[in-house]
Amino acid sequence: MPISKIAVIGFGVVGSGAVELFYKNKELIEKRSGRKMDIKWICDLRDFPGSPFADKFTKNFDDILNDPEITVAAEMIGGKTLAYDYTKKLLSRGVSVVTSNKELVAYHGAELIKLAKENKCNYFFEASVGGGIPIIRPLHQCLAANRIERISGILNGTTNFILTKMIYDHVAFDEALAEAQRLGYAESDPSADIDGADACRKLCILGSLAFGKHIYPEYVHCSGIRQITLDDVEYAETAGYAVKLIGLIDRTEKGLVATVCPRLVSVNNPLSGVNDVYNAIMVRGDGVGDTLFYGRGAGKEATASAVVADIIDAVKHENADIASLTWEDSTDRDFIAPYKSADVRVYVRVKCNDADSLKGLITQFFGYVDFIPRKQRSQNELAFITPLIEEYQINKKLALLSEHADIMKRIRLL
Ligand code: HSE
């Protein structure tokens, strides 16, 4: 039986995890795929003295590119400069590429998928969204009969870990972030996690696949969790919600509405119970209804699980591209509706001296609102949840309210 030869590019956390998992379960993997496989090259500029994989290391990418035996390469260097260049060169030679690189897929997915198809190979990226959670394949295979109506998800493990610490342990934001970094969940620049860029890239990948057109990160309204305080978390809890960083795409009559932002998630929604580094993605199809995909969204072994699954699939589909894994490129955002045109409820926290008269004003502007009591209520503030109306309208009413009170916080509901 011929042996499929694989190259691994980048031997960091995910890369080393993928190599280790591959050799741990090699026998099982080969049995399941019906093919013999081996990792021939591991490309990394660093030295790894004493590594059991010493015979495979190279610092020269050309060793891989010019090796006719290599049919599949796993790119795990991240970023969109070198990774982009290497991926294009490999796909152009008909070598399938699998990746955990969400940034590259979010910015160049349409182009790289097209290039793979032109060269009768595959570009797979199961590990780019939700770590080890199977979500890419379910979206374009198991749910292929559905028109997708909504995707909502907790797509970033670091921020979910931080928010969980804030909710359950009443730990301040900075302390929770430091722990997430120590555990290796955060990106090298944690602002990509905290400010929502990482979740945004993952949402773009899911949305592009589900809705068929490339959704670039700049099409998505994105804000992170830096401004969430323990006060907000406590008000939310009192009202029956958990604060979560939510990636959301809704198909509406006006177009797709795509946002990444903190939201109050009702305790009745399963996403509210997704804690720690776990991610979860709800996909609503017109046939199937709501489906939920849950698992470890970050970490070495979990992400490696998805990378190795892609390697197996790429080996099984040498010289045959997977037709359903595709979307069109987009040159403008005319299929995206302004996020403020969506109906939404908003949690608002205002400073005030005279709560009774301010309540009267708020009720006058909004009609009925839910005022949120608080266990240790500060005397000079008021929190409430607006009714469900277009966000433009909410902003107009809050502008009027701001003439009477200092608006400290607004957070959308899911
Ligand atoms: N920093 C990312 C997260 C890693 O926290 O979710 C996985 O993509």
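The following numbered points describe selected features of this structure, which is a predicted model.

1. **Strand 1 and its partners.** Strand 1 comprises residues 3-9, and six of its seven residues are buried, so the strand is largely enclosed by the rest of the structure. Strand 1 pairs with strand 2 in the parallel sense, over seven bridges. Within this pairing, V8 has I42 of strand 2 as its bridge partner. Strand 1 also runs parallel to strand 4 (residues 70-75), and five bridges join the two. Here I6 has V72 of strand 4 as its bridge partner. As background to reading such strands, side chains in a regular strand alternate between the two faces of the sheet.

2. **Helix 2.** This helix covers residues 26-33, and its buried residues are I29, E30 and S33. Viewed down the axis of helix 2, the buried residues fall within an arc of 95°, so they line one face of the helix. After helix 2 comes G34, which has a positive phi, near 70°.

3. **Aromatic residues.** There are 15 aromatic pairs in the structure. One of them joins Y123 and F125, with 5.7 Å from centre to centre and 55° between the planes, and is tilted. Y123 and F125 are both buried. F125 also pairs with W327: the ring centres are 5.8 Å apart and the planes stand at 70°, so this pair is edge-to-face. The pair links distant parts of the chain, as F125 and W327 are 202 residues apart. F125 belongs to the loop between strand 6 (123-124) and helix 6 (136-142), whereas W327 belongs to the loop between helix 12 (300-316) and strand 13 (343-344). The relative accessible area is 1% for F125, which is buried, and 6% for W327, which is also buried. Elsewhere, one aromatic cluster is formed by F11, F22, Y23, F48, F53 and F57.

4. **Charges over rings.** Which ring does R137 lie over? R137 is placed over the face of F124, 5.4 Å from the ring centre. In a second case, the charged end of K359 sits over the ring of F371, at 5.1 Å from its centre.

5. **Strand 18 and its partners.** Strand 18 (residues 406-413) pairs with strand 10 (residues 255-266) in the parallel sense, over two bridges. L264 stands opposite L413 of strand 18. Strand 18 also pairs with strand 14 (residues 346-351), here in the antiparallel sense and over six bridges. In this pairing Y347 has I411 of strand 18 as its bridge partner.

6. **Helix 14.** In helix 14, which covers residues 391-401, the buried residues are E391, I394, L398 and L401. Seen down the axis of helix 14, they fall within an arc of 70°, so they line one face of the helix. Elements that cover these buried residues include strand 13, strand 14, helix 13 (355-366), strand 16 (381-385), strand 17 (389-390) and strand 18.

7. **T386.** Is T386 buried or exposed? T386, which lies in the loop between strand 16 and strand 17, is buried, with a relative accessible area of 0%. Apart from its neighbours within four places in sequence, T386 is in contact with V344, R345, V346, V348, F366, V369 and I394.

How values were computed: Residues are numbered from 1 along each chain as its sequence is written. This is a predicted model: local features need pLDDT of at least 70, side-chain atom pairs count only at pLDDT 80 or more; totals for chains, interfaces and linings use all residues. Side-chain values use heavy atoms; hydrogens and water are left out. Rings of Phe, Tyr and Trp (its six-membered ring) pair if their centres lie within 6.5 Å; planes under 30 degrees apart count as stacked, over 60 as edge-to-face and the rest as tilted. Buried means under 20% relative accessible area, exposed over 50%, partly exposed in between (1.4 Å probe, protein chains only). Helices (H or I, at least four residues) and strands (E, at least two) are DSSP runs, numbered from the N terminus. A charge sits over a ring if NZ of Lys or CZ of Arg is within 6 Å of the ring centre and within 35 degrees of the ring normal. The arc is that of the directions from the helix axis to the C-beta atoms. Two strands pair if DSSP finds at least two bridges between them. Contact means heavy atoms within 4.5 Å.
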